[in-house]
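Dear colleague,

I am handing over the structure below, and after it you will find what I found in it. Please read the notes with the structure open beside them.

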Amino acid sequence: MRREIPLAITFIVGVVFAVAYFIPHYPFGKLQDYFSDWFAIVAAFAIWLGALNLVKMSAIKVGRKRPDWPLSVLIIVSFLITAGVGFYEGYRGLFASQTFSFRDPGTAFDWIYVSVYTPLSATMFALLAFFVASASYRAFRTRNLEATLLLLAAFFVMLGRVPIGDLLTTWLPPGYQMSQWANWIMSVLNTAGQRAIMIGIALGLISNSLRIMLGLERAYLGGD
Amino acid sequence: MNKKGLIISGLIVIALLICKFIPASILHKPIQFSPAVSTMIVIVMILVFVFVLIRTIQGKLIERRVVFVFVGVALLLPLFMQFTLPFPISPEVQSVYDALERLEPGAKILCAYDFDPPSAPELQPMADAFVKYAFERDLKLIIMGLWPQGCQQANQSIEAAFVEHPEWRTTKEYGVDYVNLGYQAGSEFVILRMGQSFKAMFPLDLYNTPYDSIPMLKNVRNFSNVDFGMNFSAGKPGTVEWVQLAVDRFNLPMAAGNTAVQAPQVYPYVNTGQLIGLMGGMSGAAEFERLTRRMGKANTYLLSQSFAHMAVVLFIVIGNVAFIRERREKK
Amino acid sequence: MGFWDIFGVWLAALLTIGIISFLYKDNILYKICEAIFVGSSAGYWFVISYWDNLYKKFYLQVVDPNNPEWFVPWFGFVLGVLMLTRLFGKIGWISRWPLSFIVGATAGLYMMMYFVSNAMQQVASTILPGAGTTAAHPVFSGSLPGIIANVTIAIGTFCGLIYFFFSKEHRGAFGGAARLGVWFLMVTFGASFGYTVMSRMSLMIGRLDFLFGTWLGMTR
């Protein structure tokens with residue numbers, strides 16, 4: 001029963017969503033609505049699962065004094081402070097004489113979002129700017145025709161999408177500056193390639209979805 | 001950290017503190033380079049690139065940290081320069097603006113803010129310009145997000161509009177001119193459910209006001225009661241899901257603003273007409289700011305963007321010049 | 001600006017510098033900032049899920065006396081609680097039930113979504129006439145750039161799809177078409193690379209503007 005019930009659930013739910021596309025009326029439409037609402041609740045618990053798992057792993061690391069365990073303490077403390085402030089502000093906002101959201105500017109939760117979460121998350125991704133430049137300088141080589149095509153397309157797009165491209169090509173006739181070439185590459189050549197990839201992925205996804213619904217693909221269930 | 005690292009860190013910290021606390025009599029802030037100084041800086045940068053080219057041809061690739069410093073300088077110094085470079089408006093951005101211009105005052109627009117702070121430098125300028133344009137034209141905004149940070153980014157757009165036009169704080173009423181429904185987990189299932197009923201997916205707004213109590217939502221049941229959709233997206237869930245469900249299944253006319261990473265993947269939807277238009281990355285944001293005559297951060301950042309792109313292109317060219325020379329010597 | 005606003009800007013600046021210090025070398029300041037980021041991110045998502053989903057979509061619906069379907073969200077709640085059993089080794093297998101619900105729902109929905117939007121619509125828009133007739137121009141209507149663009153997209157899409165067909169050896173005319181498809185794909189990847197560079201640079205410009213503008217007040 002450990003495998004049969006999940007497979008049955010997958011089949012029933014999958015069929016409801018697939019059939020509801022063609023028959024949006026009762027009962028499929030109603031079932032689709034119920035399942036969509038449940039999905040939102042289950043998704044919230046999935047997020048909780050991830051957060052609680054992080055706390056569990058960090059606590060194990062602290063308990064067993066693994067290397068860098070003080071950082072795990074910091075992870076748990078940050079989590080508890082953020083979550084605690086969020087719950088406190090949420091309940092404070094609910095029972096205030098003039099209700100407010102825990103996310104409103106001026107709340108402690110918004111302060112954490114603006115002063116801690118935003119700079120950390122933004123800077124983490126911003127670091128990639130340097131690595132992409134360094135990697136391009138060291139590794140991007142025109143070894144063959146395909147690599148050269150890739151390089152030329154990148155050049156036209158990078159320069160054509162900023163004003164400096166048109167500045168370098170002002171000597172060309174109007175309508176043939178770098179920005180026009182970049183537009184043409186994006187709206188014609190890039191569209192063709194992306195479309196081929198899109199159709200290929202769609203066909204693969206359709207067959208894989210059918211395999212999952214019919215129980216032929218069971219990797220998501222894991223081992224016993 | 002070793003002694004060298006500590007010394008470098010210390011010097012950087014001291015330099016930053018000097019910049020922060022230096023009196024105005026010594027250094028007037030904000031700093032703006034004159035055209036002569038800006039030109040000198042550009043010449044020095046070109047000379048440094050020539051030096052890098054010579055070193056690379058000699059087989060001595062420059063250290064990655066030097067590349068980092070150079071990219072940082074290429075990004076930072078243009079923020080102090082005063083050049084304004086003209087650039088054309090791309091057809092995709094023009095299409096977005098033309099579609100918005102065709103809307104009548106009072107039209108309801110569903111705005112989906114599907115991005116977080118890392119993507120804000122690209123998407124926040126276009127979102128800010130869009131909100132200001134909508135308020136100016138009396139378009140009604142129904143704001144929601146498939147990303148939890150989205151509704152807070154939306155509030156920043158509203159606040160930016162109010163800062164630029166203080167009179168809007170009193171003339172634009174929450175619940176009448178704009179509403180923020182907040183966030184719901186579920187990605188594409190949120191859109192699917194909204195296709196039947198907005199109220200079922202958002203029984204309360206961001207401030208826990210019941211859906212039925214919000215005046216502008218009285219006659220808004222689902223997508224068929226909304227005139228236009230505008231999506232600001234940084235990834236999944238985002239524009240692709242909105243096109244697949246809201247546009248193709250529920251026939252919502254829609255335009256989008258995407259990060260530059262996502263924009264190439266969305267071009268096929270623009271070509272088919274599933275998306276009316278697309279603003280891609282910071283250049284798309286700058287073009288939209290120009291069209292709506294609301295010059296903002298995107299236009300300010302465009303010079304830095306130009307320098308950075310030029311730097312990356314030159315680094316790639318230098319690396320390949322050395323590679324081709326090496327290959328010829330081996331032959 | 002009040003004390004907390006000023007303190008917030010300084011804290012944000014120090015955290016930003018801490019992350020940027022990774023460019024020199026991995027160091028303890030970066031690790032501290034990373035740990036704070038991980039913990040605060042988890043806390044942020046935890047709180048948002050509670051207030052926006054569990055409170056609004058579950059609790060308020062089940063306690064609403066005017067809701068005739070008050071019992072329906074309980075099914076979703078039970079499935080969600082079963083998801084949490086994954087945290088406990090011995091009863092973790094129960095979490096397969098809500099997981100299979102998510103997988104089944106996603107498979108069923110995606111099958112139709114991708115079929116319509118990413119397959120059929122894209123194929124229909126690729127098979128476009130190079131030129132045609134309209135009421136205004138009953139003999140011929142079309143521009144040379146438009147014809148070239150439509151034909152190029154059609155050829156590029158077709159050859160790109162041929163490249164992905166690995167069941168037949170890429171030889172002769174078939175191989176030639178696959179090679180042309182590769183060229184189109186290389187241009188696509190080059191365009192994606194160019195846009196990726198643009199995106200990453202934009203993010204860093206934003207951070208530098210915060211440091212040198214908002215914090216140090218040196219830029220406009």
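Between chain A and chain C there are 21 residue pairs in polar contact, with both residues at pLDDT 80 or more; a polar contact is a pair of N or O atoms within 3.5 Å, where within protein one must be able to donate a hydrogen and the other to accept it, and residues adjacent in sequence count only if both atoms are side-chain atoms. The side of chain A that touches chain C draws its largest share, 24 residues, from helix 8 of chain A, helices being DSSP runs of H or I with at least four residues and strands runs of E with at least two, numbered from the N terminus.

This is a predicted model, in which local features need pLDDT of at least 70 and side-chain atom pairs count only at pLDDT 80 or more, while totals for chains, interfaces and linings use all residues. Residues are numbered from 1 along each chain as its sequence is written, chains are lettered from A and ligands numbered from 1 in the order in which they are written, and side-chain values use heavy atoms, with hydrogens and water left out.

In chain B, strand 2 (residues 140-145) and strand 3 pair in the parallel sense over four bridges, pairing requiring at least two bridges found by DSSP, and B:Ile143 has B:Asn180 as its bridge partner in strand 3. Strand 3 (residues 178-183) of chain B is largely enclosed by the rest of the structure, because six of its six residues are buried, that is, under 20% relative accessible area (1.4 Å probe, protein chains only).

Best regards

Conventions
Buried < 20%, exposed > 50% of the residue type's maximum accessible area, 1.4 Å probe, protein only.
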